[in-house]
Amino acid sequence: MTPAIAPAGGKASSIPMMGGTPEPTIFDLSVAGRRCGTLRDTGIEIIDPASQLPPEYLRDAPLELAEVSERDLVGHYTRLTHRQFSVDLGFYPLGSCTMKYNPKLADQVAAIPGIANVHPLAPVSLIQGWLEICCTLEDYLTEITGMAAATLAPAAGAQGELTGLLIMEAYHRSKGNSKTKVLIPDSAHGTNPASVTLAGYRAVTVPSNSRGLVDVEALAGFVDEEVAGIMLTNPNTVGLFEAEIAEIAALIHSVDGLLYYDGATLNAIVGVARPGDMGFDIVHSNLHKTFATPHGGGGPGSGPVAVAAHLAKFLPGPYPVRTENGFDVAYPEASIGRVHSFFGNAVVYARALAFMKALGGDGLAMMSRLAVLNANYLKAKIAPYYPAAYETTCMHEFVVTVAKIKKDSGVRALDIAKALLDEGFHAPTVYFPLIVEEALMIEPTETESRQTLDAFAESLIEIAMRTEDSDAAASMHDAPSKTPASRVDEARAARHLVTSVDARN
Ligand SMILES: Cc1ncc(COP(=O)(O)O)c(C=O)c1O
């Protein structure tokens, strides 16, 4: 008999609640003249905006807004909320993206009125506490990354990359170096080449070897006086540690190039290894992955950039500094300028600092060790059905290939990802990195219990076994069937993006 109470961890038990009839749009619920509330007549003079604003700022026709009661409004958004899959609801093993559970302590700290309600234009004398949060977090990040100085300002990982590359460009300009290209391994995250291009450099792809690591011999062939630097991450984008990082660093430094570390996901190394010790000069990290802010649609992010001592003078400004009497703001002497309004997405800093202080140095190192342990546990558990793309011990994530399942049954990585939704799990990342055929990239993170990992492995194995039956395999092309929306045409949605109200017609 099925036990009445679900075991700890495991599948998300709210799937039936998530299904049901499709939710109409808020405009479908609209009834002319209906309102959430009415304003009392206060006797205050009503001013016609047209008498105050220049004509070019006035609309020709009123904005079309949904007209609904408060009750309908709350019902609509609450129903939508219940149909979302979230990190709070269940297992979310999205490789490279670190969708991990964020402790509620971070929410509590971020909501402290003295932290949440400070006006960005408040004078320095009134934000001494905030500046201390910023300086302390910068100190912790430089310690964690092995760098000399940091800026918290960039709003996301991709903006951190651009900031780091502009620092790289400023460094070369200051030395009169004429550099044109930045090297990037073929397994790199898509934002890397995009940032390189935005920074005015040419992205040159370096091939990986059969072990999923940078092919150092091939790399040597690319290194010349025009190389401004290399963008790498270690562990790399397939979750493996680049053991030859010292050789790579020496090669790049031999032409006065800089090593950029894409530290979007620091989960595997915090408290265990430091990019600075590996020879890196610039590091960005995503506070909205490793340090207690949700990644994705969960709110603002932060992609701080830390640099080695010789690059500190190029950091963006203004930035918080310690003084004899407290804290102030300053501009580095050769700053690349401002990259964000005010001090950046400050509330994310409070969350990160609360998380770091709660765990302490030992706790952060344990976090990384557990992330690596969980990934290797899961990798070994599913290996008979889902062979790893690379056999080496992985770090915080790993990539499997379902090329054989596809060949035998026609079931693709995408079908398996969709079938997992019916099992109550979020899908792993699919078809990334591009160098692995039919890839599933799985990042369990440190926060999940063994029961959850076991339940996920069982579901994956059960799906693999289903592909051996031709009818069951065929039905997987239509999965999922238990979620509010069934299989959508993702390519069409991306190619014909319509965000206007007219999309309803
Ligand atoms: C390896 C890597 N680099 C960079 C980024 C970009 O970070 P963001 O999404 O905050 O711009 C990501 C995001 O998932 C990533 O996984």
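How many of the 10 residues of helix H14 (residues 413-422) are buried? In this predicted model, local features are described at a pLDDT of at least 70 and side-chain atom pairs count only at pLDDT 80 or more, while totals for chains, interfaces and linings use all residues. Residues are numbered from 1 along each chain as its sequence is written. The answer for helix H14 is that 9 of its 10 residues are buried, so this helix is largely enclosed by the rest of the structure. A residue is called buried if 20 or more other C-beta atoms lie within 10 Å of its own, exposed if 12 or fewer do, and partly exposed in between, with C-beta atoms placed from the backbone.

**Overall build**

- The protein holds 17 helices and 12 strands, where helices (H or I, at least four residues) and strands (E, at least two) are DSSP runs numbered from the N terminus.
- For 505 residues a compact globule would have a radius of gyration near 23 Å, and the 25 Å of the protein agrees with that; the radius is taken over C-alpha atoms, and the globule rule is 2.2 Å times the number of residues to the power 0.38.
- The C-alpha trace spans about 75 × 70 × 45 Å along its principal axes, and 41% of the 505 residues count as buried.
- Among contacts with a separation of 6 or more, 72% are made by residues 24 or more positions apart, a contact being two residues whose C-beta atoms, placed from the backbone, lie within 7 Å.

**Domains and the nonpolar core**

- The protein is divided into domain 1 (24-37 + 48-82), domain 2 (107-357) and domain 3 (366-495), with bounds that come from an automatic or database domain assignment.
- The centres of domain 1 and domain 2, taken over C-alpha atoms, are separated by 41 Å.
- In the largest nonpolar core, which has 124 residues, Ile282, Val307, Tyr349 and Ala352 touch the most other members; such a core is a set of buried Ala, Val, Leu, Ile, Met, Phe, Trp, Tyr and Cys residues joined through C-beta atoms within 7 Å.
- Helix H12 (residues 346-382) gives the most to this core, with 16 residues.
- Because domain 2 (107-357) and domain 3 (366-495) both give residues to this core, it lies between them.
- Leaving aside residues up to four places away in sequence, Val307 touches Met147, Ala148, Ala149, Ile167, Asp281, Ile282, Ala312 and Leu315.

**Around the ligand**

- The ligand is surrounded by 15 residues, of which the closest are Ala156, Gly157, Ala158, His189 and Ala264; a residue is near a molecule if its C-beta atom, placed from the backbone, lies within 6 Å of it.
- This shell divides into 4 nonpolar, 10 polar and 1 charged residues, where Ala, Val, Leu, Ile, Met, Phe, Trp, Tyr, Cys and Pro count as nonpolar, Asp, Glu, Lys and Arg as charged, and the others, Gly among them, as polar.

**Helix H14 and its surroundings**

- The buried residues of H14 are Ala413, Leu414, Asp415, Ile416, Ala417, Lys418, Ala419, Leu420 and Leu421.
- These buried residues pack against strand E11 (429-430), strand E12 (439-442) and helix H15 (450-466).
- Just after H14, Gly424 takes a positive phi of about 95 degrees.

**Backbone details in the loops**

- Most residues other than glycine have a negative phi, and most peptide bonds are trans.
- Thr98, in the loop between H2 and helix H3 (104-110), has a positive phi near 45 degrees, and with 23 C-beta neighbours inside 10 Å it counts as buried.
- Thr445, in the loop between E12 and H15, has a positive phi of about 65 degrees although it is not a glycine, and it is buried, with 25 other C-beta atoms within 10 Å.
- The peptide bond from Asn234 to Pro235 is cis, with omega near 10 degrees, and Pro235 is found in the loop between strand E4 (227-232) and helix H9 (245-253).
- The peptide bond from Ala479 to Pro480 is also cis, with omega near 5 degrees, and Pro480 lies in the loop between helix H16 (470-475) and helix H17 (490-495).

**Exposed loop residues**

- Ile46, in the loop between helix H1 (15-18) and helix H2 (70-82), is exposed, with 6 other C-beta atoms within 10 Å.
- Pro384, in the loop between H12 and strand E10 (398-401), is exposed, with 9 other C-beta atoms within 10 Å.
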